[in-house]
Amino acid sequence: MAAKNFAPLRRKLLHWYDRNKRDLPWRHTKDPYAIWLSETMLQQTQVKTVLRYYEMFLRTFPNVEKLDRARLEKVLRAWSGVGYYRRAENLKKAARQIVRDHAGQLPQEFTSLRRLAGVGDYTAGAIMSIAFGQRYPAVDGNVRRVLSRVLAIGNEIEMQTNARQLVSSSRPGDFNQALIELGATLCSPTAPQCARCPLRTECAAMNCPSDKNNSLGRRRIAFKAVHWPLAIVRQNGKVLLRRRAGDGLMARLWELPGGETDGAKQPLNFLRQELRELAPAVRLRKAIGEIRHSITHRRIRAPIYLFDYPANSKLRLPSKRWHWIDVEKIHGQAISSMTAKAIRLLNPHEKSFL
């Protein structure tokens, strides 16, 4: 489709969006800070999950100055449950950049936005178009799928070129959100609802049945099956948590002792090795079940084992990375989602943990 023919496509898509868009809280604001937050949360996280945390996070950190002044621990705690915690760390770093270099206001230039921690081309384009009304594309996975089908695009250079030409000059923010909405609702990866699509008469894949159930150029993710035993060590109504390192997966979060195994060791042997820093040794009580969890490309099976420590004995903690926490307060900490699931698995008759 030549650029000169994009006008009817824009008109049809915006008309459809005006009548069918979901009522989402970040669509009721032009505050660049709130829009930046929503776009960051929505990266690799489903809308239904973001809805549970977005407004709570915004109440806790209503502006960039509050976010900049907050301790990282508090930011991670508010982010707990959203996943991909590196995004929260980058938000904090970017808040410092905005306060230090831009007088507390998100910059209104694309290149300046790109210099902020964690802000890539998509996020910068979304902020420029939605918050500032500038004609920039915002190409995420949903948009790639829509454009690859509608325009029969198979490479990234062509994708970006067409995306720039396609953006509406009068309503760039709404247009970008309309493309994302179409990909998230009708133009799904499998079984797209072509009959309901406002672009069906313009869609190249619609006129080529062999393509319409596939996203052209779609990258297939190789998922890895992972075994990740976890230990709940308890004493006097408290649970022992361990803090992860400052880099890598789930950096700085508190979690139950355990970890990803190579499958060579039995889960109990692996956990006893994980707990070897603790002296004297804790005592196994029982296995209490198993949870399933996903982190990036990992599909995790996590068997949970309950360990007791004598009520009147003092357990020597080897470093500040270890910490006792009342179970009733554990969900207020910056814990991993997998740890939260494991704690909820404790049987109802374990009264001290309810």
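Reader: Okay, so a cavity is a set of grid points where a 1.4 Å probe fits but cannot get out, and lining residues have an atom within 4 Å of a point. How many cavities of 30 Å³ or more turn up in the whole structure?

Author: Three, from a search of the whole structure. Keep in mind that this is a predicted model.

Reader: Start with the second largest cavity. How much space lies in there?

Author: About 50 Å³. Its lining is made of Pro137, Ala138, Val139, Val143, Leu147, Ala163, Leu166, Val167, Phe175, Asn176 and Leu179.

Reader: Which elements give two or more residues to that lining?

Author: Those are H9, helix H10 (156-166) and helix H11 (172-185). H11 gives the most, with three residues.

Reader: And by class, what's in that lining?

Author: There are 10 nonpolar residues, one polar and no charged ones.

Reader: Now the largest cavity. How much space is in it, and which residues lie nearest its centre?

Author: The largest cavity holds about 130 Å³. It has 15 lining residues, and Cys187, Pro192, Cys194, Cys197 and Cys203 lie nearest the centre.

Reader: Which helix gives the most to that one?

Author: Helix H9, residues 141-150, with three residues. By class, the lining of the largest cavity has 11 nonpolar, one polar and three charged residues.

Reader: Is Ala191 buried or exposed?

Author: Ala191 has a relative accessible area of 57%, and the cut-off for exposed is over 50%, so Ala191 counts as exposed.

Reader: What about Tyr84, where is that?

Author: Tyr84 is in the loop between helix H5 (72-79) and helix H6 (86-101). Tyr84 also has a positive phi, about 50 degrees, without being a glycine. Its relative accessibility is 30%, so Tyr84 counts as partly exposed.

Reader: How many contacts beyond four places in sequence does the model have for 212-218?

Author: For residues 212-218 the model has 19 such contacts. Where pLDDT is low, the predicted coordinates should not be read in detail.

Methods:
Residues are numbered from 1 along each chain as its sequence is written. This is a predicted model: local features need pLDDT of at least 70, side-chain atom pairs count only at pLDDT 80 or more; totals for chains, interfaces and linings use all residues. Side-chain values use heavy atoms; hydrogens and water are left out. On a 1 Å grid over the protein atoms alone, a cavity is a set of points where a 1.4 Å probe fits but cannot get out, and a pocket is an open set with protein on both sides within 12 Å along at least five of seven lines; lining residues have an atom within 4 Å of a point. Grid points are joined across faces, edges and corners, and a volume is the space filled by probe spheres set on the points. Helices (H or I, at least four residues) and strands (E, at least two) are DSSP runs, numbered from the N terminus. Ala, Val, Leu, Ile, Met, Phe, Trp, Tyr, Cys and Pro count as nonpolar, Asp, Glu, Lys and Arg as charged, and the others, Gly among them, as polar. pLDDT is the predictor's confidence in each residue, from 0 to 100. Contact means heavy atoms within 4.5 Å. Buried means under 20% relative accessible area, exposed over 50%, partly exposed in between (1.4 Å probe, protein chains only).
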